[in-house]
Amino acid sequence: MPSSNPAFSRFGGAGNGQQNFGWGAQPQQSGAPGQYGAPTQYDPYAAPSPYAATTTRYMTMDDVVTKTGVTFLVTVLAAAAVWSLPGTTGWALAIPAILVGLVLGLVISFKQIANPAATLAYAAVEGVFLGAVSEAFNDYFGKGIVMQAVIGTFGVFAGMLVVYKTGAIRVTPKFTRWMIGALVGVLVLMIANIIASFITPGGLGLRDGGGLAIVFSLVVIGVAAFSLLLDFDMADEAIRRGVAPKFAWYIAFGLLVTVVWLYLEILRLLSYFRE
């Protein structure tokens, strides 16, 4: 059955006569035809699909955890290095980092590049940007705000992981459509607020620190948190489909994007209360 995660749709299905394009040998499904969640049995001696990746094993959860950990570590080390720079050197590096990160992130997303060089390069660039931003918030709004944002971010991450693993919220096609609509809505409001800020001070009031800004920030944090469920589902779906281990780098990239977005929004929300 095709994945409910839109980011995974390009790779085709695993079963029901579909091919698994480029990410691993196509697994043999047991159980009722087309049954989602049916036990999956892999035959290492079966003739490989012409589209199968050349691999001696399939991706496991250990691959996802390890590569995600390495990716996050590179981001943290880069951020710490920029924070330690004297004066405004960090901001001088942050400006090109934003542009490079945006371009690199779009390329990885649309081409769905899954290799360590691309993912770790993006992690380093994001670390440079986060280091400069975190230092600025720490200097302007007082010490401790960054640590509070970090604790809040990983608290939300852990909470959503528990929600996903316990099945309290299931990632279904309907849920995915709702999430895509929410993401588009948030993006449209952010762009509209930026455009309005050129016409009137504060724009639509979504980022001025007032009551509406606090509500909007809470909504964005909620959307980012529920987006983590899509990332978790993509990892599980990839494992079920028997993809190549290198696909874990793409999953790590997706998790990093969501976590960075979540951290920045929590940092912004905390700054409203400190003002």
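What is the mean pLDDT of the protein chain, and what share of its residues reach 70 or more? With that settled, which side chains meet the side chain of Asp63 in a salt bridge?

A: The mean pLDDT of the protein chain is 81, and 79% of its residues reach 70 or more, where pLDDT is the predictor's confidence in each residue on a scale from 0 to 100. This is a predicted model, in which local features need pLDDT of at least 70 and side-chain atom pairs count only at pLDDT 80 or more, whereas totals for chains, interfaces and linings use all residues. Residues are numbered from 1 along each chain as its sequence is written, and side-chain values use heavy atoms, with hydrogens and water left out.

One stretch calls for caution: over residues 1–53 the pLDDT stays under 50, although the model has 107 contacts there beyond four places in sequence, a contact being heavy atoms within 4.5 Å. Where pLDDT is low, the predicted coordinates should not be read in detail.

The protein chain has seven helices and two strands, which are DSSP runs numbered from the N terminus (helices are H or I of at least four residues, strands are E of at least two). Read from the N terminus, the order of these elements is β-β-α-α-α-α-α-α-α. Of the contacts with a separation of 6 or more, 78% are accounted for by residues 24 or more positions apart.

Now to the part itself. Asp63 takes part in two pairings: its side chain meets that of Arg57 in a salt bridge at 2.8 Å, N to O, and it meets that of Lys67 in another at 3.9 Å, N to O. The term salt bridge is used here for a side-chain nitrogen of Lys or Arg within 4 Å of a carboxyl oxygen of Asp or Glu. Side chains of opposite charge can pair when their charged atoms come close. Asp63 and Lys67 both lie in helix H1, four residues apart, which is about one turn of the helix. Taken together, Arg57, Asp63 and Lys67 are linked in a network of salt bridges.

How much of each partner is open to the surroundings can be read from its relative accessible area, for which buried means under 20%, exposed means over 50%, and partly exposed lies in between (1.4 Å probe, protein chains only). Asp63 is buried because its value is 8%, and Lys67 is likewise buried, at 15%, while Arg57, at 40%, is partly exposed. Across the chain, buried residues make up 43% of the 275 residues.

The side chains of Glu265 and Arg207 meet at 2.6 Å, N to O. That pair links distant parts of the chain, since Glu265 is in helix H7 and Arg207 is in the loop between H5 and H6, 58 residues apart. Glu265 counts as buried, because its relative accessible area is 4%, whereas Arg207 is partly exposed, at 23%.

Ile251 touches Met59, Val64, Met234, Ala235 and Ala238, not counting residues up to four places away in sequence.

Leaving aside neighbours within four places in sequence, Thr119 is in contact with Thr71, Ile108, Trp249, Tyr250, Ala252 and Phe253.

In short, Asp63 is a buried residue that pairs with Arg57 and with Lys67.
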